[in-house]
Every structure is written in structure tokens, then in C-alpha cells.
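User: I have a structure open here and would like to talk through some of its local features with you. Could you take my questions one at a time?

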Amino acid sequence: MTEKEEEKSMDCVSDQEREIAQLALSEFQKGNYSACLQNIHKLEVRTFDLKVAHNKLVAEYYKNDLRSTETFQKNLAAFYSQFKLRLEKLDDVDHCVAHYNQAVLLYHQKQYTQAIRIMERVYKFIEPMDENLAQQVGLLLVELQMSTKQLDKASGLLSFLENQLFHSHPVILKQGEKPAKVIDKDKKMCTVSSTTIDQFKKKLQMYKARCFLMKHSLGAASEEIEKIEEQSEMTIAARFLRANLLYLQGNCEAAMEILNGISSEADFGSSDESYNVILYNNLGTIYHAMGKYHLACHHYQKAIKADIELIQSKSNEEKPLYRLGSSRYHELIYNLGISLLHAGRSADAFDCLIIAVRRYHRNSRLWLRLAECCIHVHKESNEIDFNIPKEMKVGVEMIGTKKHQKIVLTKNLSNDKKYSVEGEPYAVPVPTLEFASLCLRNAYLLLPSDTTSPIPLLLIPGVTPPAPPPSPGPAPSVPLSPNSVSALKNSILASSAYVCLCLGDYVLALEHARNLLSQSKLLGAHRLLGHLYAAEALVFLDKIADALEHLNPENVKDIALHFPVSEILDESDNVANNPPSKWFPTNLISARAVIHYNTAVCKTLRGQFDQADGLFKQIWKDCRSNSKVPARLIMLVIYIELQLGHPDVARSLIKEYS
């Protein structure tokens, strides 16, 4: 049978066949899938009709409660082969529903890139498509774009769908090269009930609110959430959205109150979400923002336990389609690792994040966090170096008696662990500085870029090029703002310089420090670290004059850890959920004391003891307030006083700190 004869036969539907088809549709909508299949079997004489074959596959899948997914996929592949359906040659609007169902399967299996490739092709036929199917196609594409964090595309598509719904003259989309079969629009619009339109409108509002929250457009998100709350009762989804908004605005107590007010018996029904997993995860996130890291870890562990129980409750073969991608294990283990790192449990945090990086291996920030775990295992904090009463133990042993008595001074004031000299491979995933250097290299290479992938110049006519690989990003987190990307890059460079200094690679440490100082956007804390690391590397390279240029106190004006709010265009969009900072030194006076101390070290190395002594007096004068000075300063003062011929001053210092 030729294609023209086939189309003619498909258009020739008898009244009896039409009644059977309508009856099958009615039974399907009622959930009577066995009766639906009985009616479809009466139409199997139309072996050339792909609609009958496709509807039979779908009805059988629903009859099995959407559990025989693997069988349905095989039958769908055979269906494509039988009717020679190819995505690259999609030119008939009637074929869209089969491709749409394939995309739904891929979405639930978390194969988002392949699903988007299908839906972007199907989306070109949204204009002549049946209205009900057009709505489902639009919403699925929005969900896929939000799942892959393409928020600008999702926002634009939501605006288009809203125009289609509320305006009489919808936007005309560009079709493919081949003309599509057009359905009468007036006839199509009449088939949509007001109830369906209301449901679609509510779904659009929910998606818009989610999209604005993910983009951190808090003002617009607040307006959408208010509309949702006005038009319907406070559903569970609306409450979660409101709590999310309050959390981003920094009102953690109010967000927690809303979450605790949700009934523990809440059920999401036929969805891939678990109430307990979402609730415990959100509570953990709120506690983390409040600086209560151990409570955050406790709730993340409860969320992981609930997630494992959900997955293990039934075998994979028995799971319905909407439960296939329900596990959030790697996202939860990521969150747990971050809270453990903030809680000071660096080794435990490393064990969690090394699991998360298997899934999110293109996440630059995750690689940085792994490196930070290694650095914290090496040295938990630099605050101990400023704690003179606790750290300073100058005299360790007394030798001789009476006037021949001598004091043996300590050889090492610091408990810093030295790098390994046993030739351990860098790629072994253990929390060492060697592995940290590898993590930092990955973090730098995976930094998000504003540049888009180039369009190939040579395209073969009629052949669709393969989808480009996804660009590196902070998945599962939302895309980073330009300021966040700058701060991330600077943190990677600062950590890289520190690790190289600890490993004895002073040339590379100097390169990282100079690269850090050359950045256009630089926080005060990063500027301080850049100058200190560069100066230390130059001292080890015996370039003391160059080191002193970096140790000019005027180089550091502040030690800010965040960009000012004034750089945000709309103050209502300011996200205020950062946990309290634990970085030390906490004030500019202490930071400049560190610079003066390092300058005194350089002067001492050059034999300029008088100038070094003057710097120490300046440090003591500036630090009469609540600021702190480096503990090693006492040992250096003792050395300089001895060199200047002041043994009595040296003795008094030794007695005071012995």
C-alpha cells in the first residue's frame, strides 16, 4: 500500500469504528483499562493505523499500573520500527504523542538530555497540536529545562504558554522544513473544558513560582506564591514554596514554623516525591543556614534513612514509572557532607562528598569542598596560631643548675602536619594535601563559563547534529550568579596557592597567588590571602625585596567575605541564607598585624633587626583592643632581642611564656 493510499484509509473511519474508539477513550478516562483494551481489540483490523497500535501499548501499560516499564519500552521501540518513525524525520503532528511518551519515560529515568532532545523537536508542532497534548508537551519541556537548570529557557517557555492560554492571538512558532499537518484551531479550542484550563493555569503558576525561586528572583516569586495562596487553599506544595521563599529571605524561624505545621501523614500520591525526605532535607538546610550544623547533620541523616526505606520498600521490577527516579540519595549525601565540613568533622565530610562526586563529577564547587576537607584534616583552623596563652610554650627543658642553668627552647611552635615524602599517588581518594591538589585542578577546569559552544560550520542536510554535552555547572544546585562564579574562582586559586605552599611547590604557589590578585572582582579576604601567599612563596624563593612589596599594609583595605548588597540590582532579590562565618582573623587590625609580622620576618632575614623591632612595637600598640597577634611573634621577638644585645628582655619573655 502506498503512502497516499495509507493516509486515505486512515482518514476513512466508519461510524461504528468511531463509536468503538470513543467508547475505548471513555473507559480509559474512567480507569477501566480492561474494558478499554477489549474495545481496542475490536479495532485491530486497522493494522495500518498507528494510533490504534499506540493506544493499545499505552492501555496495556496502564493496566499493569505503570510497572512493566521495561516491557513498554521494548514494545515502543518495536512500534517505532513497525511504522518507521524517526525523530529526525518528524513531520507529522500525529506522531508527536508517541515521541512524547518516550520522553516521559526518559524523564523518569533521569535521562534529561535525551528527553530534551526529543521534546525540543516535538515542541515545534505545538501550534497545530491537540490542545490537551500541547499543554502536556509544554509542561514536560518546562520540567526538563528546570531539571537541567536551564532557567532562562524555562522562564521564556512559561511566558509563551501563558500567552497561548490567555490571549486570543497566540504567538506563531517556526515549524520545521517540512510542512506539518494542521488541525482546525477553532475546532481544537472548543474541545478544552474550563476545568482543564483552570488546572493548567494553576500548574503554570506553580512552575513560575518554582522557576523564580530557583533564579533567586524573590520579589517575583513572592507575587506568584501570593496568587497561588489566594486562588486555592494552602496545599502542601504551596506551603513548601512559602517556606522556601522565607528561607531564601533569611527568615529561618518562620520557614521552620511552616514546615513543622505540615501534617506528618501527608502523601504526594502518584509522584516520585516523599514527604519525609523533603521535610527532613529542608529542615536540615534551615538549621545549616542558622549555623546549627550538628542539628542539620541529624536531619540529613533522617532524610537519607527515609530515602533508603522508600527505595528498598519494593523491588525495581515492581516500581511504577513515577517511582523509578525517586531516589535523592546523592543530593542528600552532598548536603550532609557540607554540614559535616562546617561542623569540623572534615574526615567524615570527605567520605560523604567522595560519594556525591561520583554523580556530580562536573560540579566545580563540589571539587573545591573535597579539597577543603583535605585542607581541614591537614590543619583545622588558623585561629590556634593566634592563641598566645594556649599555644606558647617557649621553654621545654632545663639543663644544669644555679648559674650554669640553661633553658632549651622549643624547636617547633606549630602542630602543622608536613606533607608526605613516601611518594603516595595523588589520585588515591584519601584526605591528603596531595589529593587536594588534584581536586583543585578539577575545580578550576570545571569552572562555569559564560561562553557558549560554537556552532559547527559544516552541517549535513537532513541530519540532526548530536546534542552538545552539558556545560559544567553546580548541579544539583541552581546556576551560579556572576558574583558567585568570581568568588568560587578566587576561592579555588587561594586554596591552590596554600596547598602548593604546604607541598613545597613555591613556583606554582606564586603563580596561583598572582593569578588570584589579577582577578577583576576580588573580596577583601581573598586579596589578603593573595598577598600573604605570594610573599611567602617569594621568601622561599629568596626574593625578599619582591615579597616586601606584597606586605604593604595599604594593599588590604578590608577582609570582607561577601560582595556588597549594593551590587544586586533589586534589593528584594537579596538571598540572605548564608551560615555565620567562622573565618579568622575577624577584624582588620588582626589582619594587618599578620602583615606586619611577616614584614618583620623579612626584615630579620635581611639582618635589619632595628626595623623589625620597631614593627613589633607598632603591632603591640595597634593590638591593645580585642584583636589578636600571631603566636610565633614571641619567638621572633626573643631572637631579635638577643641579636640586639638585650638578654634581660629575652629572659623576661622566656619566663613569662615558659
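User: Is lysine 84 buried or exposed?
Analyst: This is a predicted model, and in it lysine 84 counts as exposed, at 74% relative accessibility. Lysine 84 is found in the loop between α5 and α6 (96-108).

User: What about phi of lysine 84?
Analyst: Phi of lysine 84 is near 55°, which is a positive value in a residue other than glycine. Aspartate 65 is another case, with phi near 60°, again positive in a residue other than glycine. Aspartate 65 is found in the loop between α4 and α5 (69-82), and at 49% relative accessibility aspartate 65 counts as partly exposed.

User: Why only partly exposed for aspartate 65 at 49%?
Analyst: Because exposed means over 50% relative accessible area and buried means under 20%, aspartate 65 at 49% counts as partly exposed.

User: Switching to aromatics, how many aromatic pairs are there?
Analyst: The count comes to 13 aromatic pairs. One of them is formed by phenylalanine 28 and tyrosine 62, an edge-to-face pair with 5.1 Å centre to centre and 75° between the planes. That pair links distant parts of the chain, since phenylalanine 28 lies in helix α2 (residues 15-30) and tyrosine 62 in helix α4 (residues 50-63), 34 residues apart.

User: Which residues form an aromatic cluster with Phe28?
Analyst: Phe28 forms one aromatic cluster with Tyr33 and Tyr62.

User: And what kind of pair do tyrosine 334 and tyrosine 360 form?
Analyst: Tyrosine 334 and tyrosine 360 form a tilted aromatic pair, 6.5 Å centre to centre and with 35° between the planes. This pair, too, links distant parts of the chain, with tyrosine 334 in helix α17 (residues 329-342) and tyrosine 360 in the loop between α18 (346-359) and α19 (364-378), 26 residues apart. Tyrosine 334 is buried, with a relative accessible area of 5%, and tyrosine 360 counts as buried at 12% relative accessibility.

User: New topic: which residues of α21 are buried?
Analyst: The buried residues in α21 are Leu433, Glu434, Phe435, Ala436, Ser437, Cys439, Leu440 and Ala443. They pack against α18, α19 and α22 (482-502).

User: What should α21 span at 1.5 Å a residue?
Analyst: The 13 residues of helix α21 (residues 433-445) should span 18 Å, and the end C-alpha atoms of the helix are 19 Å apart, which agrees.

User: How do the axes of α22 and α23 cross?
Analyst: The axes of α22 and helix α23 (residues 506-517) come within 8 Å and cross at roughly 160°. Angles over 145 degrees count as roughly antiparallel, and α22 and α23 are therefore roughly antiparallel to each other. Their crossing is left-handed.

User: Which residues meet there?
Analyst: From α22, Asn490, Leu493, Ala494, Ser496, Ala497, Cys500 and Leu501 meet Tyr506, Leu508, Ala509, His512, Ala513, Asn515 and Leu516 in α23.

User: Is the peptide bond from phenylalanine 584 to proline 585 cis or trans?
Analyst: The bond from phenylalanine 584 to proline 585 is cis, with omega near 10°, and proline 585 lies in the loop between α25 and α26.

Conventions
Residues are numbered from 1 along each chain as its sequence is written. This is a predicted model: local features need pLDDT of at least 70, side-chain atom pairs count only at pLDDT 80 or more; totals for chains, interfaces and linings use all residues. Side-chain values use heavy atoms; hydrogens and water are left out. Rings of Phe, Tyr and Trp (its six-membered ring) pair if their centres lie within 6.5 Å; planes under 30 degrees apart count as stacked, over 60 as edge-to-face and the rest as tilted. Helices (H or I, at least four residues) and strands (E, at least two) are DSSP runs, numbered from the N terminus. Buried means under 20% relative accessible area, exposed over 50%, partly exposed in between (1.4 Å probe, protein chains only). The expected span of a helix is 1.5 Å times one less than its number of residues. Contact means heavy atoms within 4.5 Å. Axes are lines fitted to C-alpha atoms, for helices over the stretch in contact, and angles run from 0 to 180 degrees between N-to-C directions. Angles under 35 degrees count as roughly parallel, over 145 as roughly antiparallel, 65 to 115 as roughly perpendicular and the rest as oblique. A crossing is left-handed if the near helix is turned anticlockwise from the far one by less than a right angle, and right-handed if clockwise.
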